[in-house]
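Look over the model below before reading on.

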Amino acid sequence: MALNYVWIAFFLVGLVVALFKLIVLQDYEIFKRLVDGMFESGKGAVMDVALPLTGVMVFFLGLMNIGEKAGAINFLARILNPFLKRLFPEVPEKHPAMGQMVMNFSANMLGLDNAATPFGLKAMDSLQTLNPNKDTATNAQIMFLVLHTSGLTLLPLSIFAYRASAGSTDPTSVFIPCVLGTVVTTLASIVVTAFWQRLKFDRVLALWLFGMLAAVVGFMLFISILPSQANFSEPVFLTRETFSKVFGNLILYLIVASFIIGGVWKKVNVFDAFIEGAKGGWDVIVKIIPYLVGMLVGIRVFRESGALDFIIDGLAYGFAVLGFGNEFVPALPVAIMKPFSGSGARGLMLDVFKTHGPDSFVGKMASTFQGSADTTFYILALYFGSVGIKKVRYAIWAGMLADFIGVIAAVIIAYFFFGK
């Protein structure tokens with residue numbers, strides 16, 4: 001029911017705000033903007049999101065089928081089983097969903113969103129096979145979704161690219177703050193959801209979390225000591241930008257090649273296995289389109305009505321009254337928009353770059369916000385919609401609470417690195 005209430009609120013709050021603008025502010029274009037936004041976002045959900053995703057879905061679902069037949073997915077699941085079985089106690093050991101979730105998390109960490117989505121949808125489908133109540137999310141599905149919405153990314157390549165295109169003299173200066181922000185959000189996701197599910201934090205889970213955190217910190221330190229590509233006239237491999245780009249894409253291609261090589265080694269008819277798995281890609285797309293259209297139209301109405309602007313202005317006023325520093329407030333729209341719309345948050349970040357400059361404190365704060373979480377409502381609609389789940393239980397509140405903790409952490413981190 002939570003998702004039902006949120007979706008209704010998008011339209012009703014949008015209506016109230018739009019009526020206020022019409023009657024009090026005499027904004028006679030407000031309802032035209034709302035209606036135009038509804039049509040544009042409905043079209044965009046299908047033409048700009050679902051259809052472009054189809055080819056990627058078809059390919060990677062075919063690849064996943066090869067990996068499963070070759071035993072690669074089970075191999076990954078066995079390696080991480082001590083960790084995953086504590087976060088997902090409902091999932092049997094060596095279940096294919098374990099390896100599929102690992103593939104999803106790995107692609108996300110490398111900043112490869114296009115590959116992460118098919119892996120994630122396949123994992124959600126596998127988890128659905130264990131679900132006794134097909135329209136209600138299980139604890140395992142909620143844990144997976146909330147972890148995914150935390151957006152753990154070790155190589156925020158897109159943020160580097162946008163900063164560079166906006167004229168930044170040091171586009172990778174936000175690398176460590178972005179990664180630290182998303183690590184905090186991910187840890188918050190685990191703690192919040194585990195508390196809700198009453199999971200036990202034993203010694204093994206603590207050691208795994210500490211080891212993963214240490215690996216992330218080590219990787220960040222390695223990247224941070226590399227020079228920026230901006231210091232060289234020709235591409236140099238051991239620079240932050242070039243190494244990150246090569247490393248991420250190399251890992252993804254090695255995964256593709258290893259699945260195919262593993263299939264050949266296990267004497268699997270590789271192409272037939274690919275076709276068998278790929279056939280499910282279109283079925284997944286057809287299932288998620290209604291959920292995408294509904295959620296993206298609702299978010300667009302909420303945004304176009306001006307309700308988001310009122311929230312931001314109210315927060316800015318509240319910070320001023322309480323006597324807190326409000327230097328970061330111009331970047332706050334990025335943090336508020338991110339759970340609702342990745343493209344909307346990106347547009348707001350670019351607007352901050354244009355107004356304040358990418359290398360200003362506000363520009364770096366906006367970059368940190370953009371890199372510290374993922375699009376909670378979009379992912380919820382996409383992943384739960386793909387398996388027909390209507391009752392999301394506490395998934396929204398767990399995800400939003402983790403996002404809120406991530407925003408607070410991003411503010412603290414940005415002040416620590418970039419504050420005067």
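What follows is a short walk through pockets, cavities, surface, salt bridges and backbone.

This is a predicted model, in which local features need pLDDT of at least 70, side-chain atom pairs count only at pLDDT 80 or more, and totals for chains, interfaces and linings use all residues. Residues are numbered from 1 along each chain as its sequence is written, and side-chain values use heavy atoms, with hydrogens and water left out.

Start with the empty space. Rolling a probe the size of a water molecule over the atoms shows where such space is left. On a 1 Å grid over the protein atoms alone, a cavity is a set of points where a 1.4 Å probe fits but cannot get out. A pocket is an open set with protein on both sides within 12 Å along at least five of seven lines, and lining residues have an atom within 4 Å of a point. Grid points are joined across faces, edges and corners, and a volume is the space filled by probe spheres set on the points.

The second largest pocket has a volume of about 840 Å³. Its lining counts 38 residues, and L80, F105, S106, M109 and M212 lie nearest the centre. Helices here are DSSP runs (H or I, at least four residues), numbered from the N terminus. The largest share of the lining, eight residues, comes from α3. By type, the pocket lining holds 28 nonpolar residues, nine polar and one charged. In this count Ala, Val, Leu, Ile, Met, Phe, Trp, Tyr, Cys and Pro are nonpolar, Asp, Glu, Lys and Arg are charged, and the others, Gly among them, are polar.

Now turn to the closed spaces. There are two cavities of 30 Å³ or more. The largest cavity has a volume of about 60 Å³. Around it sit A335, K338, P339, F369, S372, A373, D403, G406 and V407. Helix α18 (residues 395-418) gives the most to this lining, with three residues. Five of the lining residues are nonpolar, two are polar and two are charged.

F369, one of the residues lining the largest cavity, is also among the buried residues of α16. Buried means under 20% relative accessible area, exposed over 50%, and partly exposed in between (1.4 Å probe, protein chains only). Eleven of the eleven residues of helix α16 (residues 361-371) are buried, so this helix is largely enclosed by the rest of the structure.

Y5, W7, I8, L12, L15, L19, F20, I23, V24, L25, F31 and F310 form a nonpolar patch, with about 1,100 Å² of accessible area together. Helix α1 (residues 2-23) supplies the largest share of the patch, eight residues. F20 belongs to α1, and at 38% relative accessibility this residue counts as partly exposed.

Next come the charged pairs. Side chains of opposite charge can pair when their charged atoms come close. A salt bridge is a side-chain nitrogen of Lys or Arg within 4 Å of a carboxyl oxygen of Asp or Glu. The structure holds seven of these salt bridges.

Which parts of the chain does the pair of E40 and R300 link? E40 lies in helix α2 (residues 30-70) and R300 in helix α12 (residues 280-304), 260 residues apart. Their side chains meet at 2.8 Å, N to O. E40 is partly exposed at 47%, and R300 is partly exposed at 22%.

K69 and E276 form another salt bridge (3.8 Å, N to O). K69 lies in α2 and E276 in helix α11 (residues 270-278), so the pair ties together parts 207 residues apart in sequence. K69 is partly exposed at 41%, as is E276 at 49%.

D359 pairs with R163, the closest N and O atoms being 2.9 Å apart. D359 lies in the loop between α15 (342-356) and α16, and R163 in helix α7 (residues 157-165), so this pair ties together parts 196 residues apart in sequence. D359 is partly exposed at 30%, whereas R163 is buried at 0%.

Most residues other than glycine have a negative phi. Q26 has a positive phi of about 55 degrees although it is not a glycine. Q26 lies in the loop between α1 and α2 and is exposed at 52%. K267 also has a positive phi, near 60 degrees. K267 is found in the loop between α10 and α11, and is exposed at 76%.

How values were computed
Helices (H or I, at least four residues) and strands (E, at least two) are DSSP runs, numbered from the N terminus. Patches are made of residues with over 30% relative accessible area and no salt bridge: like charges are joined within 9 Å, nonpolar side chains (Val, Leu, Ile, Met, Phe, Trp, Tyr) within 5 Å. Accessible areas come from the Shrake-Rupley method with a 1.4 Å probe; for residues, only the protein chains shown count as cover.
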